[in-house]
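The sequence and structure come first.

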Amino acid sequence: MRTIIDHFFGRHPREGGDPGASIAMPFKKLDSRLRGNDGRFGFGPFGKSISSLPIPLLLLLATPAAAFSPQEPALLRDEVVYGLIPPVRQRMPDEPLIVDLEAKGRDLGRSGGWIRTFITQRRNSRIAVLYGYARLVGYDAKREIVPDILKAVTVHEGRDFTLTLRAGHRWSDGAPFTSDDIRYWWEDIANNPMLSPSGPPRFMLVDGKPPEVSFPDAVTARFRWDEPNPYFLPALAAARPPFIYRPAHYLKRFHARYTGEADLAPLIAKYKVRNWAALHNARDDMFRMENPDEPTLQPWMAMSKGTGTHLLFQRNPYYHRFDARGMQLPYTDGLDVSVMAGGLIPAQVATGKADLQAEGLTFSQVPVLVSGERQGDYRTLLWPEGKAAEIALYPNLNYNDPVWRAVLRDVRFRRALSMGIDRRIINRSLFFGLAQESGVDVLPRSPLYKPERTGLWTGYDPKQAAALLDEMGLKRPRGAAYRRLPDGRPLEVIVETAGEKPEVADAMQIIAETWRDIGVRLLVRTVDRDVLRNRVYAGQTMMAVWGGWDNGIPDPDSSPEELAPMTQENFSWPKWGQYYQTSGSAGEPIDMPIPQELMDIARRWRHTTDETERRALWSALLDIHADQIYAIGVVSKTPQPIAVSNRLRNVPDKGLWLWDPGAYLGVYRPDEFYFADARPADPEPSGIHRGGN
């Protein structure tokens, strides 16, 4: 037990770098375009001009220019010698992004080695884009948005965005990356009715109107709305970004605007799809990277070799990031990814067959992981979850059953269920008391956190819970174990779960016991993750168990759409979210006053650039959720185990396990991780393909 606590609080003999440090960018001169209207640098409120990387830039200027000399990664030297790819000086952008590792408290690394890891299903090949985390703009370890692929971003009044690309930047196949790749996405994908039947994505619309888009030159793209669009930059930095750029030179061959019907026909037949649009969609896979022919800007690119259970991602020869002495990142040559059932992964880790592993590991497996550290030559880190809750129950206010829908919409019922949960027992039994007992709320490290919201309707009080159920008329017949609905049916709450974490099943068992005391029967149904989502979206699920809001550490400038009926992904009101997302063509209009108030507050947030007003609007949203209990949180800040090889360096010992913003490990920049002893005798992954595209 002491060992586990020591791991959780970071008391480990091997210390990593500072995960909150900044990164640096090189510039030949201090361009005045990087300054805001007030002459200051940085990403401030959306009403001010913002630019690229101010403070790190000053750090870089203090570095002797002669220290930077581009170096060739060892893996690519033979390809350069035999003329398969040009030398690194010809592959790098004119102004690459130079990372000041010393300023981040990290070590300059060495090139080589493959990071071995496991995923639980093939579709999680997205790991390369999550861990690569190359974005036009991205979050740094402080969760602040900074340019990455872009050289700079300038924002005026929160509505006029100028994106400046890096001259000389190239795709992984060597083709130039220019503003034409953004234009292709905007004109030929987002506004093509065959590829985007609903039109441009919602984050590109303000009050239903698209932006005015222009491309002044090869390295500039400009998006201008009539009103502020605070969703734009966060969307570009998201764990799953919209990729508002595409490799036009590659995809045009699958697009009817650029390729004739006679040339498309054999391709449509080859890939066994219905039409050119389906062909284009099949070959355009920027997130999961299952098409190795499609060029990428990520640090690792998908390789053509491999099997259904073995994926390889090799270093991108044209990657735009370098360390201060000139070594091209990523340090490691690639990701060696194996697909394996989640229950088998801990044993593989314990025998040293993974270098960096989080997927498939849960807190219940920590004792096994810690006991295998010596044999497996790794260490176990425990990072707190960054979601608003690790375990949360979502009453579906859009449930198809009209009797149950009325019950679920009664706030007294939701409050009773919340007060019928003994969170202290769950925390002690399942998480050794290391989790936080709370409802669905922002975490203490968020600037929007208020302690007085923490205990609202979340204290264990079965007597008051029973009184609320009595008040609703949900009576328990004499001698009966459970209450009855108004139509006489037993009060049986069916909770559906994806069944991916044993802690959830154990928590449901404890909740079933305490709900029994207040006359509520809990039944648990396990279904596949995708099936669960589709059932919720269709109103077929009464209640689902999931995590809390993805972002548990928002600030006033963070999008509040998770707290309003703006997306079907919120299991509390999927059909209201569908109605908003599809502009009324699907789902149902909001027919409850308080959810409508949430929507109105979120819209007001979108139309203001005043930080004080945004903070007040956020507080109003959080206060309503704490009082109305639209989601019943159980625990938060649960520890996520991460197994890290002792050979792998620059991995921070402390961090926050957060999907968005952050892309889990992505925000901590795995392209900067390196092997201290990438031994020459290490075998390369089977089927490795050394030739460039």
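## Overall architecture

The model is predicted. In the protein chain, among contacts between residues at least 6 apart in sequence, 74% join residues at least 24 apart. The chain has 22 helices and 23 strands.

Of the 693 residues in the protein chain, 59% are buried. The accessible surface comes to about 26,900 Å², and carbon and sulfur atoms account for 50% of this area.

## Aromatic pairs around tyrosine 245

The structure holds 28 aromatic pairs. One of them joins tryptophan 171 and tyrosine 245: the ring centres are 6.0 Å apart and the planes are at 45°, so the pair is tilted. Tryptophan 171 is in the loop between strand 6 (160–164) and helix 6 (179–190), while tyrosine 245 is in the loop between helix 7 (232–236) and helix 8 (248–251); the two are 74 residues apart, and the pair links distant parts of the chain. Both residues are buried.

Tyrosine 245 also forms an edge-to-face pair with phenylalanine 177, at 5.6 Å centre to centre and with 70° between the planes. Phenylalanine 177 is in the loop between strand 6 and helix 6, 68 residues apart from tyrosine 245. Phenylalanine 177 and tyrosine 245 are both buried.

## Ring cluster

Ring pairs also link Phe161, Trp185, Trp186, Phe203, Phe223, Trp225 and Phe232 into a cluster.

## Arginines over rings

Arginine 202 lies over the face of tyrosine 580, with 4.3 Å to the ring centre. Arginine 614 lies over the face of tryptophan 605, at 4.4 Å from the ring centre.

Key:
Residues numbered from 1 in each chain as written. Predicted model: local features only at pLDDT ≥ 70, side-chain atom pairs only at ≥ 80, totals over all residues. Heavy atoms only, no water. Helix = DSSP H or I, 4+ residues; strand = E, 2+ residues; numbered from the N terminus. Buried < 20%, exposed > 50% of the residue type's maximum accessible area, 1.4 Å probe, protein only. Contact = heavy atoms within 4.5 Å. Areas by Shrake-Rupley, 256 points an atom, 1.4 Å probe, with all protein chains shown as cover. Phe/Tyr/Trp six-rings, centres within 6.5 Å; stacked < 30°, edge-to-face > 60°. Lys NZ or Arg CZ within 6 Å of the ring centre and 35° of its normal.
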